[in-house]
Amino acid sequence: MRSIRFIPFDQLHQKYGALKDAHKTKDLIVLIESQSMLKGAQWHPERLFFLLSSARHFVQTLQEKGFNVLYHKAENTSAGLEEIQRQYPDTPLICAEQSSFRLNEKLHSRQATFLPNDFFLTPRNLFAEWASEQKIFLMENFYRKQRIRLNILMQGDKPVGGAWNFDKKNRLPPPKNHTWPATLEHQRDAIDNQVAQELQIQPTTTWATTRKGAVKQLNTFIKNHFANFGPYEDAMALESWSLNHSLLSPYMNNGLLHPHEVITAAMKAFKTGTIPAESAEAFIRQIIGWREYVNGMYWFLGPDYRHNNQLNATRNLLPLFTDPNKTSMHCMKATVTDIHTRAWVHHIPRLMLLSNLALITGTHPHQFLEWMRRVFIDAADWVMVPNVIGMGVHADGGLMMTKPYAAGGAYISRMSHYCKGCSYDPTLRIGERACPFTTLYWDFLDRHKEHFAKNHRMSQQVYGLNRLADLPQLKIRAQEVLAGLDNGEI
Ligand code: SF4
């Protein structure tokens, strides 16, 4: 045997990582199913099902192509690797750089040789070079450099359409009585059924578990959703859980699709002239901008970044996050119910509902981070740590984002259909019918006003706070709301 090639469950692509130059018979391809992952943290069943079934399908495909593959069940990854290395002493262990600090460390301790992680468009050292030259890590600056470096949506050295973004045309509220395109359903096969049986769950048909299914999802997005993606990318509608979102992040995050393939398909469609620039730019930004930036920041900021708690938030995770019946806030009940159903909601409920509530209630960042990591289908460590700690709950003191994403009910009312069916009123900040978001938004600003006084980007908010005549009553109401949320009664 020439080498052992370790393939983690998030690098399931034959053309990248440790498989790229693997030999069908001279190398042993190893995937390890960690039993502690199955028994340990309370992962969302859809997420477990997706990861396991995708890996088993991938193994089947490799075997059909003649690769020498070992799918090994072990107590955990380290134990599994040790068992295999004992069977094949003196055979070098080769892997691509892993996608989390934890797994990277495990592979280091097994004396693995590392190949570069090419599951992203930006090598880690290139991102670190950019980041080390920045005073503040503005995603927008990184994104523009990416557009130029990758030559995407560029006309010479100018952005296509004359602008780097078309935000004025995008970020629209959800339209009334709109018919959204149907989402793709993925049929289950014998491997899926076996995994479902082992996990004792009845999975949805929302997520593909094969490369073929992931490609079908990409094609469906390009054909049915891409043209209208931009305008409603931030909207939250009652009639559709996915609107025009691509639903591709799980596949890019487990390797079934490479971002390069996604960008190529998007640009091919754009060049036909059927995709408006605002939709093309908004989608491209997510892939070559946000996704790469978040991964780059994860590695650049290091393993201790996740422990930040600069706003000294100490509240325990609210019961409504684990049980939607513990709240009468329509937006939160609907969002957590959606997560329970299919382990997914789009970026705005994640940021402006879930994270916003954790932020303004002063929920402990680590508890909230762990919950977010457990419940989302695409919740890789590199995604969640910067997104939650830096962007969601501002626990890094503004290292990543210059101001916190705190908002009251007015934003949610504008961008969603939720408030009409709610027992609270987004325009009220005191009284029993006051929207908890609105009350707690002001209370949050008040609690941290000294901290934010130094931040010129927060001056408007702090000015608004200083003009509130009913601040004393609001602070009393905020205490009632926080107690109610703690008890699952709001
Ligand atoms: Fe959510 Fe407040 Fe609107 Fe109710 S009123 S749906 S709690 S934002």
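A: C435 is buried at 8%. This is a predicted model, where local features need pLDDT of at least 70, side-chain atom pairs count only at pLDDT 80 or more, and totals for chains, interfaces and linings use all residues. Residues are numbered from 1 along each chain as its sequence is written, and side-chain values use heavy atoms, leaving out hydrogens and water.

Q: How many disulfides are there?

A: A disulfide is a covalent bond between the sulfur atoms of two cysteines. With a disulfide taken as a pair of cysteine sulfur atoms within 2.5 Å, the count is zero.

Q: How many aromatic pairs does a search of the whole structure find?

A: Rings of Phe, Tyr and Trp (its six-membered ring) pair if their centres lie within 6.5 Å; planes under 30 degrees apart are stacked, over 60 edge-to-face, and the rest tilted. The search finds 27 aromatic pairs. In one of them, F50 and Y251 have ring centres 5.8 Å apart and planes at 65°, so the pair is edge-to-face. F50 is buried at 1%, and Y251 is buried at 0%.

Q: Which residues form one aromatic cluster?

A: The cluster is formed by F127, W130, F142, W290 and Y293.

Q: Where does the charged end of R124 sit?

A: A charge sits over a ring if NZ of Lys or CZ of Arg is within 6 Å of the ring centre and within 35 degrees of the ring normal. The charged end of R124 sits over the ring of W299, 3.7 Å from its centre.

How values were computed. Buried < 20%, exposed > 50% of the residue type's maximum accessible area, 1.4 Å probe, protein only.
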